[in-house]
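Please open the model in a viewer, with selection by chain and residue number at hand.

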Amino acid sequence: MPDLDAFRAEVRDWLDANCPEEMRQPMESEADIVWGGKKFNFTEPQKLWLDRMAAKGWTVPEWPVEYGGAGLSKPEAKVLREEMQRIKARTPLQSFGIWMLGPALLKYGTHEQKLEHLPPIARGEIRWAQGYSEPNAGSDLASLMTKCEDKGDHYLVNGQKVWTSYADRADWIFVLVRTDFDAPKHLGISFILVDMDQPGVSTRPIKLISGRSPFCETFFDDARAEKHNLVGELNRGWDVAKYLLTHEREMIGGMGSGAMRPMGDIAVQQIGLDESGRLADPMLRTDIARAEIDGLAFMATMERVADEAKAGQGTGANSSMLKYYGTEFNKRRLELMMDSAGSEALEWGADDDVARNWLRTKGNSIEGGTSEVQLNIIAKRILELPSA
Amino acid sequence: MSMVLNDDANMLKDAARGFLGKSAPVSQLRKLRDDGSEDGFDRQTWAAMAEMGWTGVLVPEAHGGVDMGYVAAGVIAEEMGRTLTASPYLSTAVMGATALSRFGSDAQKSEWLPKLAAGEAVTAVAVDEGRKHNPARVGVTAERSGNGFRLNGRKGFVAEGHVADMLIVSARTAGGEADAEGITLFLVPRNAAGVSVERADMVDSRNSASVTLENVDVTADAVLGEVDGGLKPLEAVLDAGRAGLAAEMSGSAQQCLETTADYLKERKQFGQIIGTFQALQHRAAHLYSEVELGKSIVLKALQTLDAAPEHAAMMVCAAKAKLGQVAQLAAREAIQMHGGIGMTDEFDIGFYIKRIRVAEALYGDANYHADKFARMRKY
């Protein structure tokens with residue numbers, strides 16, 4: 001396609017001229033990820049790269065221009081990704097705003113809500129946290145009890161959320177609240193946006209088995225929310241929540257693949273080869289080979305499911321299959337990496353060492369809907385097995 | 001390349017499903033078995049496949065084929081896997097056509113390809129000699145004699161061997177028994193003097209044979225590709241067959257899953273539809289996930305064979321390994337979830353687990369391919 005070729009040339013020239021050298025180096029650790037927000041400490045090249053990309057609308061290339069995107073078609077966005085990969089450009093910005101809230105607002109938000117909230121996400125100015133789970137509402141999310149009262153010109157929010165990712169570093173939080181205590185549990189929930197910079201909102205990090213604290217508890221104590229920040233219809237927040245969860249599942253499920261260094265390469269470096277040129281631990285070699293094959297098949301499946309969605313085929317419930325398989329696979333991958341690293345992995349090391357990653361993956365099949373919940377969804381929505 | 005079938009492939013899929021479901025369902029295989037069919041496949045069905053162009057799916061148009069490529073060839077194999085249709089399709093239309101169209105001399109192509117496309121000739125690949133697949137281990141010898149070669153030795157597990165008109169035989173022309181170099185491929189007519197073929201009675205009721213070569217004289221024109229350089233083309237031919245088998249197993253696995261899901265919606269125990277039980281729902285949902293992964297890796301392998309056949313080995317290897325695991329899981333789970341009826345010969349599931357076992361072993365099982373994958377990845 002000549003149009004795409006011209007676009008590719010334009011993208012290539014622009015990236016060559018505008019991507020700082022430092023932003024073309026592989027990321028060393030999670031600390032190199034740019035999340036944005038008021039509390040984020042940018043390095044100079046990170047800020048430069050983000051501002052330049054945001055000015056082009058390329059932090060969220062497929063979003064409409066008026067909301068901070070570039071309005072690119074899917075093929076154009078693919079060209080942009082490919083050209084960024086070609087020069088090994090880092091992603092200028094990643095955030096829950098981009099992955100989760102953005103898609104939900106684009107589908108359910110009013111024009112005013114999109115104008116207010118999407119551009120600051122695109123520019124990395126506001127960082128969002130997710131307020132879904134509660135101490136007594138985990139897998140049974142719809143039983144949530146955080147209370148939201150109509151006070152005439154505003155809402156008052158009271159309750160507690162848990163597993164709020166990086167809430168201590170976020171500026172705003174999207175929250176599932178109960179607005180009707182008498183209705184059936186799915187029909188009394190609303191989806192509301194709350195500014196965290198107020199006395200009624202406080203957060204406390206939760207220390208995990210990995211020693212890291214990617215999650216917090218977030219407390220709402222007479223927190224104020226503006227009426228115009230209720231997304232979708234009152235008491236129909238569950239629809240928004242489910243839609244957003246689909247995106248969250250895809251995000252978590254996709255974590256096991258990506259630009260990961262192949263397991264076999266890591267193991268060869270750590271353990272070495274025997275005289276016959278095989279990995280010196282033959283049982284591990286077998287496990288890694290099987291896992292790498294499954295990894296290829298999983299990546300091909302993510303590609304196929306995405307292509308089918310573009311072509312209007314397939315089922316949306318496949319996001320549950322990807323979440324289930326991707327997270328279980330990621331756990332398996334980190335077990336193998338622990339096997340490969342041996343005793344050296346058993347010392348606490350840097351913040352992104354293999355032991356901490358291994359421990360962190362145990363949560364992958366719990367967060368965003370457990371593996372068992374995903375299997376329930378596959379059984380009901382795809383295989384159409386009856387409910388009890 | 002998009003991982004969605006294009007319109008042509010979708011039309012072919014619909015046509016194949018319609019034809020096979022009506023003209024060659026599992027009951028046909030059952031009848032062939034029960035009648036003790038000598039051919040082991042239905043010649044009328046084979047003729048109809050030829051008429052629809054399936055036998056020429058990988059044959060260039062210049063030689064009378066339709067040249068639709070490996071994705072199309074895989075779509076047909078997948079549908080055959082759903083119905084367990086017995087035919088020499090893989091050995092002939094996939095492997096034979098790959099061998100001749102990619103490595104044949106002009107004379108070999110002109111002689112054989114039109115016959116393959118027309119469904120008038122059946123080929124079989126004779127590669128293995130021991131109980132485990134190992135294409136580099138070749139004990140069958142081909143000694144120079146006059147201006148040709150004299151072949152001696154024995155091959156086993158030759159799919160469609162006893163109905164083949166022409167055998168593609170790997171033989172050693174130089175080196176020791178396990179050397180990669182020194183292997184040569186020969187086109188040996190089934191009726192050549194000294195060739196004896198014995199059909200084996202296989203668990204899947206399909207065709208397989210052992211082939212004994214006793215002072216079989218062939219001319220130099222019978223060499224396919226280069227003398228001593230036969231392993232590379234042999235691997236390419238095997239890869240086409242492996243991808244086809246993976247596609248077939250994918251179809252069988254999908255059918256096992258769908259049949260099982262249907263059964264879970266009908267069968268009642270404890271006063272309830274058993275599909276309401278979470279223990280069974282989770283088994284079925286896990287199986288669904290594995291079957292989806294299988295579909296994806298098969299399509300990737302077939303697309304790679306079309307786009308860059310010289311770089312397809314690793315994807316094909318992954319696909320054959322993955323489908324060996326997935327299809328066996330599907331068959332096992334299907335029996336378990338069907339309960340006692342799944343163990344009866346009257347019910348079709350048994351045909352699936354038996355065919356899948358044979359397809360898994362043919363041209364390298366999941367262990368073989370996982371090992372090969374690791375070797376290709378240098379560990």
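Select R304(A), E308(A), Q254(B), E292(B) and K295(B): among the 33 residues that line the second largest pocket, these lie nearest its centre. A pocket here is an open set of points on a 1 Å grid over the protein atoms alone, with protein on both sides within 12 Å along at least five of seven lines; lining residues have an atom within 4 Å of a point. The volume of this pocket is about 750 Å³, a volume being the space filled by probe spheres set on the points, which are joined across faces, edges and corners. The model is predicted: local features need pLDDT of at least 70 and side-chain atom pairs pLDDT 80 or more, whereas totals for chains, interfaces and linings use all residues. Residues are numbered from 1 along each chain as its sequence is written, chains are lettered from A and ligands numbered from 1 in the order in which they are written, and side-chain values use heavy atoms, with hydrogens and water left out.

Helices (H or I, at least four residues) and strands (E, at least two) are DSSP runs, numbered from the N terminus. Coloured by class, the lining shows 15 nonpolar, 7 polar and 11 charged residues. Ala, Val, Leu, Ile, Met, Phe, Trp, Tyr, Cys and Pro count as nonpolar, Asp, Glu, Lys and Arg as charged, and the others, Gly among them, as polar.

Next, select the contact between the chains (heavy atoms within 4.5 Å): chain A provides 44 residues and chain B 41 residues. In chain A, I293(A), R304(A) and L383(A) lose the most area to chain B, together 18% of what that side buries. Buried area is the accessible area (1.4 Å probe) that two parts lose on being put together, summed over both; between chain A and chain B it is about 3500 Å², with 62% from carbon and sulfur atoms.

Then display R377(B) and E292(A), a salt bridge whose closest N and O atoms are 3.2 Å apart. The rule requires a side-chain nitrogen of Lys or Arg within 4 Å of a carboxyl oxygen of Asp or Glu, and it finds 7 salt bridges across this interface.

In chain B, α5 (89-103), β3 (148-159) and α10 (349-361) each supply at least two residues of the lining.

Finally, select R12(A) and E83(A), which form a salt bridge with the closest N and O atoms 2.8 Å apart. R12(A) lies in helix α1 (residues 2-18) and E83(A) in helix α3 (residues 74-86) of chain A, so the pair ties together parts that are 71 residues apart in sequence.

Terms used
1 Å grid on protein atoms, 1.4 Å probe; cavity = no way out; pocket = protein on both sides within 12 Å on 5 of 7 lines; lining within 4 Å.
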